[in-house]
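The following exercises are to be worked through with the sequence and the coordinates at hand. Each task is followed by a solution in steps.

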Amino acid sequence: MCTCHTFIFLCYYEYNCDREQSKMSADDVTKGVACTLKPPVFLHFGGGDSKTQGCCSGVCVIDVALPPGKTIETITFKNFYTALVSVRLQRRSPGQEGAAAKWCTALRDRPLMTNPHTEAGAQDYYSIDRKQMQVEPDGVSSIRLILKQPSSAWLTFSVQDVRIFPRMQPVRKGRIDELSDWLLLVFPPQDPLDVASVSCRLQQMWALSQVMQSSQSHAASVGRFDVDGCYDINLLSLT
Amino acid sequence: MADREKRRSAGSGSCLAATVAEPGPATKGSDREFLSQAGVGELLRGALLKMVEARPDDPVGFLADHFGSLAAAVVESGSEDLKEPRLSDGSSGDEGARGARAQQRLNRALWHLRLAHHSQRSAFGNNVRVAYDLLSLTGPFGHAGDSSPAGAPGGGVSGALYTQTLRCLCGEGGVPASTSAPLLCRLHCHDHEAVPYGVFRHGVLTCAVFSDYIRQAQRLYAQVCQPDEGPASRAACLAVLGALREALETSRDADSPSVKALRRLEASAKMSPHQLARVMTEAQARGPAGHMDAKEFENAAAELFIARVKVVS
């Protein structure tokens, strides 16, 4: 129907304009935000003397710097023999640009390997969604991943291929809504037929006919010999 | 007070021997003995099992019918025991009695068939078996002498009884006779034929499914027509029926299970809401004008179903 098509075309056009204006590229969504990973810092203890190297404590910290003010949807990475991961975020709330950014814990000790000594989960891919985080990851300027591996079985541990995916900005309201309201005034909607329930009922009817067809494949026959009401000479036996 | 003894042949279940003795002190022991002698436990257990299977809306009426049919079975087998073999008896009185008994058996068979819905496979199957046994020869021992047209001894249900059963089932399911007539033509068996169990079961199941199908078609018509606009638009009805026809044709018989599964997926895609919406908007733009009334819609839907029923041979 031409009204629907016109409406859809106008919406699409508006949406594209909006998308360009929000400065979000397709790359952000598919490959993640461009972020810089600092080299992992392994924490050691003992070794107050800078010359002697202390024991490895099994904790490693990776800092990830982001362009400021990002809203995070998902963090994905590939594990490499890390047993537990914690995520801390440095956030700056949007109203207080001048105030110092605060660190908070988004995720504490999420297990990646069921048993730190064994191989299970050691090289798996993981993703951390914003719903799993204890704080809202909005206005994030920096992420700190704290990796822990208490087992001495592994020489080293880290995470690889860390990607941060931002949240898609909702389409800016206002222009689209005004347009749709106007279109609805000009072309009122017709035919509020409940297609879903009609489809449901059709499927029930189809299923009933299938029941009948499946039972008929098992049906015996009465054993008639006549074809169209008369006996076929070839079927009559001579004995 | 007279002692009354009711004894019946061991045809199908417990014996109902109730001896009324002179009244004595009602001790617990004698009560329990009396109940076990009467076989009341079996009776009640059977009644409760049937009730759970059928889940009727009117439990008292259901129990009354159940015990009534049991009593009728007792009377019938009792009366046949008493009568002598009537090989050459052709009096009209007996014909009338036989006709009445046949009608009674038909009613009882229909009552059994109504107990469970066809979707409850095992319960329905059991009921069909019971109905079949009721309608085929008089009792499982094939009493000689009942010269009603019941086919060869040990055969099956007579074609006439079978066709009558199907007709009653369709009628009770709310299908008008004109709509079910083509179906009965396909499932029909001649009066002289002995219908085996497989054919009987298939016929009964098809009629039960058909009555459900017609009910769904009636509701579908109610959905398709806009309530305040009177009869539904012809274009919309044709579009909906066309979708169903395509789905039925897509899922025709397939040999291998994988092909069957594929065809079922294709069929369900043809009935999806998206496809339906598309088809209906096209129909409204280009379809024939005018309206279709409920009867025509029902007949068209019935035709789609009946076209897929194989003729009994």
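This is a predicted model: local features need pLDDT of at least 70, side-chain atom pairs count only at pLDDT 80 or more; totals for chains, interfaces and linings use all residues.

**Exercise 1. Partners of strand β5 in chain A**

Determine how many bridges join β5(A) to β6(A), and in which sense the two strands run.

Solution. Step one is to locate the strands: β5 covers residues 84-91 of chain A and β6 covers residues 102-111. Step two is to count the bridges between them, which gives seven, with the strands antiparallel. Within this pairing, A:V85 has A:R110 of β6(A) as its bridge partner. Step three is to look for a further partner: β5(A) also pairs with β8(A), in the antiparallel sense and over eight bridges. Here A:L84 stands opposite A:K148 of β8(A).

**Exercise 2. An open sheet in chain A**

State the strand order of the open sheet of three strands in chain A, and identify which strands stand at its edges.

Solution. The order is β7-β4-β9, and the pairing is antiparallel. β7 (125-129) and β9 (158-166) of chain A each have a single partner strand, so they stand at the edges and one side of each lacks a neighbour in the sheet. From one strand to the next the twist averages 20 degrees. The pairing of β4(A), residues 72-80, with β7(A) consists of five antiparallel bridges.

**Exercise 3. Surroundings of A:V64**

Decide whether A:V64 is buried or exposed, and list which residues it touches beyond four places in sequence.

Solution. A:V64 belongs to strand β3 of chain A, residues 55-70. Its relative accessibility is 1%, and the limit for a buried residue is under 20%, so A:V64 counts as buried. Leaving out residues up to four places away, A:V64 touches A:C35, A:T36, A:L37, A:S142, A:I143 and A:L145. For one of these, A:S142, the separation from A:V64 is 78 residues in sequence, while the C-alpha atoms are 5.8 Å apart.

**Exercise 4. Aromatic pairs**

Classify the ring pairs A:F42 with A:F157 and B:F210 with B:F305, and state which parts of each chain they tie together.

Solution. The description of a ring pair rests on two quantities, the distance of the centres and the angle of the planes. Over all chains there are eleven aromatic pairs. For A:F42 and A:F157 the centres are 5.5 Å apart and the planes stand at 80 degrees, an edge-to-face pair. A:F42 lies in β2(A), residues 41-45, and A:F157 in the loop between β8 (140-148) and β9 of chain A, so this pair ties together parts 115 residues apart in sequence. A:F42 is partly exposed at 28% relative accessibility, whereas A:F157 is buried at 4%.

For B:F210 and B:F305 the centres are 5.2 Å apart and the planes stand at 45 degrees, which makes the pair tilted. B:F210 lies in helix α8 (residues 197-224) and B:F305 in helix α12 (residues 294-306) of chain B, so the parts tied together are 95 residues apart in sequence. Elsewhere in chain B, ring pairs link B:Y132, B:Y162, B:Y197 and B:F200 into a cluster.

**Exercise 5. Charges over rings**

Find over which rings the charged ends of A:K78 and A:R144 sit.

Solution. The charged end of A:K78 sits over the ring of A:Y125, at 5.8 Å from the ring centre. That of A:R144 sits over the ring of A:W103, at 4.4 Å from the centre.

**Exercise 6. The faces of helix α7 in chain B**

Explain why the buried residues of α7(B) can be said to line one face, and name which helices they pack against.

Solution. First, list the buried residues of α7(B), residues 177-187: B:T179, B:S180, B:L183, B:L184 and B:L187. Viewed down the helix axis, these residues fall within an arc of 125 degrees, and therefore they line one face of α7(B). Next, examine the face turned away from the buried side, which carries the exposed residues B:S178 and B:C185. Finally, identify the packing partners of the buried residues: α6 (159-172), α8 and α12 of chain B.

Technical notes: Residues are numbered from 1 along each chain as its sequence is written. Chains are lettered from A and ligands numbered from 1 in the order in which they are written. Side-chain values use heavy atoms; hydrogens and water are left out. Two strands pair if DSSP finds at least two bridges between them. Helices (H or I, at least four residues) and strands (E, at least two) are DSSP runs, numbered from the N terminus. Axes are lines fitted to C-alpha atoms, for helices over the stretch in contact, and angles run from 0 to 180 degrees between N-to-C directions. Rings of Phe, Tyr and Trp (its six-membered ring) pair if their centres lie within 6.5 Å; planes under 30 degrees apart count as stacked, over 60 as edge-to-face and the rest as tilted. Buried means under 20% relative accessible area, exposed over 50%, partly exposed in between (1.4 Å probe, protein chains only). A charge sits over a ring if NZ of Lys or CZ of Arg is within 6 Å of the ring centre and within 35 degrees of the ring normal. The arc is that of the directions from the helix axis to the C-beta atoms. Contact means heavy atoms within 4.5 Å.
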